[in-house]
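Visitor: Please take one part of this model and go through it closely. Give the cut-offs as the terms come up.

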Amino acid sequence: MADGNQTVIHLSEQVVVLFSCALSFLGSSLIILTFFIFKDLRTTPRRLLVYLSVSDWLSAVSYAYGVWRVFHTDSLDCIVQGAVSTFANTSSFFWTVAIAVYLYVFIVRSSQRVADSLVLGFHLVSWGVPLAITAAAVSLSKIGYDASEVSVGWCWVRIHAPDRVLWMLLTGKIWEFLAYLTLPVLYILIKRHIHIAHSALSEYRPILANRPQSHSFFTMADMKLTLIPIIFIFLRLWSTVRFILLLVGSPARLNPVLVTLHGIGNTSQGTANCIMFVFFTQPIRTRLCSALCCCCKCGAEVQHSHDDPRGLLTGEEPSTQREEDSTSRILTDK
């Protein structure tokens, strides 16, 4: 599947990856729109999710342009596209980890004040570090045509750069590897804390703790805590595999199935976040249904959500709400 030094991107692969980019674009846009439309559902975790969605939105747009163009030279638009996708992709890694750190401090350390104080630092790191790395890479002429060796039509680190492996690490891969290690650890610690708290409340206050709706919130939070790192690793795995195959010089990195999976994985983060934090989040889902006048069932769900304050985001719950409801809903409504 290679033509000289260039990986050939077939039309079928272009169509599939462009469709994935479109879904991610729409998913990221929906997360951003719902945040601004539903003012009473705004929380700090969802605000962080919006920042992540901005990065995913930029990634989807830049990757779509690269897949549509399938660059063959170091043209100006190749460099611009490579710079935007490098910045957005790296920023996405940082914001993904930032959300996990915020939830860990908020839930496990039980300190909203400390968690909120970290937000400014998240901005400095998640925007500043990717911007500095991208600016350095562009100024040193490291961004450009890469023959799709570890991409799918878009531009990244120049194929002829003598230190290209180092710059591949700096402009994405090292942060990707760190996210692989950090996310599972943080979410396992959060899950463990919630399980311990839920078990203690179930033992000493069985009537309250066993309420069906409380159990529903706990179950949804538990599912999301499991899915977040799994989905992230599954989507990014194919890019990592191709990078490792490049390091060992294996032609298997040119396999069309692997190339397609790489393209889908790198461009689907916005879609995955939208599914988990819009369509699988009842307060947001029911309000969207109400706004679009989908059906009578949606209207019934909205009434139910309005009648029960636990269906709203963290920050709106009464102070008498139990701990496991609070920790569960910050994730189910994130």
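Guide: Isoleucine 244 is found in helix H8 (helices are DSSP runs of H or I with at least four residues, strands are runs of E with at least two, and both are numbered from the N terminus). The model is predicted, so local features need pLDDT of at least 70 and side-chain atom pairs pLDDT 80 or more, while totals for chains, interfaces and linings use all residues. Residues are numbered from 1 along each chain as its sequence is written, and side-chain values use heavy atoms, leaving out hydrogens and water.

With a relative accessible area of 43%, isoleucine 244 is partly exposed (between buried, under 20%, and exposed, over 50%; 1.4 Å probe, protein chains only).

Helix H8 covers residues 212-247, and within helix H8 phenylalanine 234 and tryptophan 238 are 4 residues apart, which means a separation of about one helical turn. The whole structure holds 15 aromatic pairs (Phe, Tyr or Trp rings, the last by its six-membered ring, with centres within 6.5 Å; planes under 30 degrees apart are stacked, over 60 edge-to-face, the rest tilted). Phenylalanine 234 and tryptophan 238 form one of the edge-to-face pairs, at 5.8 Å centre to centre and 85 degrees between the planes. Ring pairs also join Phe93, Phe177, Tyr180, Phe232 and Phe243 into a cluster.
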